[in-house]
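Visitor: Please show me the model, and then let me ask about it piece by piece.
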2 protein chains.
Amino acid sequence: MHEKLRSHIEKIVPLTDKEFEFILSHFTTMHFKKNHFVFERGEKVEYAYYVVSGLLKLVYTDDLANEHILSFAMEDWWESDFYAYFNQKKATMSLKCIEESNTYCLSLESYQNLCINMQKMESFFLQKSNLGFIGSQQRILSLLTTNSKERYEQLLKQYPSLIQRVSKTQLATYLGVSRETLSRLYS
Amino acid sequence: MHEKLRSHIEKIVPLTDKEFEFILSHFTTMHFKKNHFVFERGEKVEYAYYVVSGLLKLVYTDDLANEHILSFAMEDWWESDFYAYFNQKKATMSLKCIEESNTYCLSLESYQNLCINMQKMESFFLQKSNLGFIGSQQRILSLLTTNSKERYEQLLKQYPSLIQRVSKTQLATYLGVSRETLSRLYS
DNA sequence: CAAGAATAGTGATATATATCACAGGTTTAC
DNA sequence: GTAAACCTGTGATATATATCACTATTCTTG
């Protein structure tokens, strides 16, 4: 039942059954339907989400109502509006399901509890955070150094499955390019 | 003497004298002259650096020999090629002094030691990493949603001191815009 | 199942930005 | 102290990309 979460954590820190039970007691689970929001801009961000199955997008909507996708959250990913989560502020972004999704949910209180009472989990989160930071820096570099076509090809290479699962309009808003330009790149 | 580092850490976790002494024993200090490299692409990245004074830039050089500045590291910042540091790989970027700088240096071994033996420091690094991640996401959002002029103005607002300390050519490579375009923005 | 919404391609045009080139001023380093 | 390197502004032009508009197709949802 909970094997996915366990093996996800155990990729970084090994656990006894008892330890995993303790960890699990800090999570709840939730199910979201396609096109439904996990949270919307302006709402309180109660949880950080670990995606067991499905696909979601973290979206920022600008003043002109244009959507910008900050990240796709797929199976085995952690996602939230982390600024709002850690600072207990209202969301500036929205988290929306592209596909029907199942997640584990971790409140900030539970997160802090886990960190304090179980150094292994603090190590785990530290490693995850470092990886997230490094990944974001790579994305910045990609935005600074490459044009639309190169970015599209990088994405194809890095996440080939995304192209089947996500509309091109949405890929465009992730890449920072208009859907028309993206469409013309490979025509 | 070491007050800066101590108060930097104590902004997040309080320390006894003994604890700080223990922490300090993991660091070395270094001095770098203006325009000198802390490390260059291709070299091993031995340390993560805490900047006591001065100003540095983390630079990626592309195939056409164009410089792209990933970040400016100013007083009170941590900087490194973190991918190379954590994975013990050769640097893909270079860290270069814009001004004469003083740093504390933390080897990966010392970092891991600190994390294992002092939960406070693991908490400290976790918080720093989370902040770094959130900051990078903000930068991505800025690159996705704004044009050169808006990005320049955001930067002016966020780090007014930078504009005095850094050449416009360099600001341009940070903003992802040509120096000519940047020059024309405010003429 | 049907209506409305979302998606995808593509033409025509506008716009932001890059690139190349040059000149004058400033800084750096041996 | 001087040559070389760097910095800045600006004109002329090229290029990538955005925007607007229209059509056809495919999904979604009540």
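Visitor: Where in chain B is the place of B:Ser167?
Guide: Helices are DSSP runs of H or I with at least four residues and strands are runs of E with at least two, both numbered from the N terminus. This is a predicted model, where local features need pLDDT of at least 70, side-chain atom pairs count only at pLDDT 80 or more, and totals for chains, interfaces and linings use all residues. Residues are numbered from 1 along each chain as its sequence is written, with chains lettered from A and ligands numbered from 1 in the order in which they are written. In chain B, the place of B:Ser167 is the loop between α7 (160-165) and α8 (168-175).

Visitor: Is B:Ser167 buried or exposed?
Guide: A residue is buried if 20 or more other C-beta atoms, placed from the backbone, lie within 10 Å of its own, exposed if 12 or fewer, and partly exposed in between. B:Ser167 has 10 C-beta neighbours inside 10 Å, so it counts as exposed.

Visitor: What distance separates the C-alpha atoms of B:Ser167 and B:Ile98?
Guide: Along the chain, B:Ser167 and B:Ile98 are 69 residues apart. The separation of their C-alpha atoms is 9.5 Å.

Visitor: With which residues is B:Ile9 in contact, leaving aside its neighbours within four places in sequence?
Guide: B:Ile9 belongs to helix α1 (residues 3-10) of chain B, and its 19 C-beta neighbours inside 10 Å make it partly exposed. Two residues are in contact if their C-beta atoms, placed from the backbone, lie within 7 Å. Once neighbours within four places in sequence are left aside, the contacts of B:Ile9 are B:Leu15 and B:Phe124.

Visitor: Which element gives the most to the side of chain A that touches chain B?
Guide: The contact takes 27 residues from chain A and 27 residues from chain B. On the chain A side, at least two residues each come from β4 (67-74), α3 (82-87) and α5. The most, 18 residues, come from α5(A).

Visitor: Are α5(A) and α5(B) roughly parallel or roughly antiparallel to each other?
Guide: Axes are lines fitted to C-alpha atoms, for helices over the stretch in contact, and angles run from 0 to 180 degrees between N-to-C directions. Helix α5 (residues 119-145) of chain A and helix α5 (residues 119-145) of chain B pack at about 25°, with axes 8 Å apart. Angles under 35 degrees count as roughly parallel, over 145 as roughly antiparallel, 65 to 115 as roughly perpendicular and the rest as oblique. The two helices, α5(A) and α5(B), are therefore roughly parallel.

Visitor: What is phi of A:Asn35?
Guide: A:Asn35 sits in the loop between β1 (27-32) and β2 (37-39) of chain A. A:Asn35 is exposed, with 10 other C-beta atoms within 10 Å. Its phi is positive, in a residue other than glycine, and near 70°.

Visitor: And what is phi of A:Gln88?
Guide: In chain A, the loop between α3 and β6 (94-107) holds A:Gln88. With 10 C-beta neighbours inside 10 Å, A:Gln88 is exposed. Here too the residue is not glycine and phi is positive, near 50°.

Visitor: What share of the 187 residues in chain A is buried?
Guide: Chain A has nine helices and six strands. Its C-alpha atoms fill a box of roughly 55 × 30 × 30 Å along the principal axes. Of the 187 residues, the buried share is 34%.
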